[in-house]
Amino acid sequence: MILPVRIYGDPILRDVIPPVASHAEVLPYVRDMIETMYDDDGIGLSANQAGLRSRFFVIGKNAFEDGRPDSVFINPAILEAYEETWDFEEGCLSVPGIREWVVRPRTIRVRYTDETGTEREEVFTDYAARVFQHELDHLNGIFFTDRISPIRRALNKKKLKELAESQNK
Ligand code: ZN
């Protein structure tokens, strides 16, 4: 089932989303989340983007270089961000019509619970690390447009305001 994707201006996208008590709570939603992500040509989707107040996100298999399938990350956390950063043009299903270059750490060490309830620690780099950071930001109420330069933010201000206002009608 395709879930409606929440758009910039929806208050759930500014919330800090609380942890999940058990991985089993989120499993019923994972398939719909992945379906919704692909329907909108996304590579990742956080639960609050789909209106769910649970701390998890999904990332599509194409973000990974190790051949893993579409994956769910429950109660995700960044344990360490390595010094090297890189610039990449990001977009977001919740911020249609805007793409901006965002500087982020290239490599991160993370912890999360997987779909079997197993807590894992691993290192992600490049695109997988980028998507992980973008989605984790969502669970903390942060948009990629919060991470761009003040000049670029000013240039996007009107578009963002219009998006937000379209949510209040
Ligand atoms: Zn996003």
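User: Hi! Quick one to start: is Cys92 buried or exposed?

Analyst: Cys92 is buried, with a relative accessible area of 11%. Buried here means under 20% relative accessible area, exposed over 50%, and partly exposed in between, with a 1.4 Å probe and protein chains only. This is a predicted model, where local features need pLDDT of at least 70, side-chain atom pairs count only at pLDDT 80 or more, and totals for chains, interfaces and linings use all residues. Residues are numbered from 1 along each chain as its sequence is written, and side-chain values use heavy atoms, with hydrogens and water left out.

User: Thanks! Which residues are the protein donors of the zinc ion?

Analyst: They are Cys92 through SG, His134 through NE2 and His138 through NE2, lying 2.0 to 2.2 Å from the zinc ion. Donors are N, O and S atoms within 2.8 Å of the metal (3.2 Å for Na, K and Ca), and water is not among the atoms, so sites may look incomplete.

User: And how are the donor residues spaced in sequence?

Analyst: The spacing is C-x41-H-x3-H. Helices (H or I, at least four residues) and strands (E, at least two) are DSSP runs numbered from the N terminus.

User: What about His134, buried or exposed?

Analyst: His134 is buried, with a relative accessible area of 7%.

User: Switching to the strands: which residues cover the two faces of S2?

Analyst: Strand S2 (residues 56-59) has Phe56 and Val58 on one side and Phe57 and Ile59 on the other, all buried.

User: Nice. What does S2 pair with?

Analyst: Strand S1 (residues 44-46) runs antiparallel to S2, joined by 3 bridges, and strand S3 (residues 71-81) pairs with S2 in the antiparallel sense over 4 bridges. Two strands pair if DSSP finds at least two bridges between them. Val58 faces both ways in this picture: Leu45 stands opposite Val58, and Val58 stands opposite Val72 in S3.

User: Zooming out, how many helices and strands are there?

Analyst: The chain has 3 helices and 7 strands, in the order α-β-β-β-β-β-β-β-α-α along the sequence.

User: And what is its radius of gyration?

Analyst: The chain has 15 Å, which agrees with the value near 15 Å for a compact globule of 169 residues. That radius is taken over C-alpha atoms, and the globule rule is 2.2 Å times the number of residues to the power 0.38. Buried residues make up 47% of the 169 residues.
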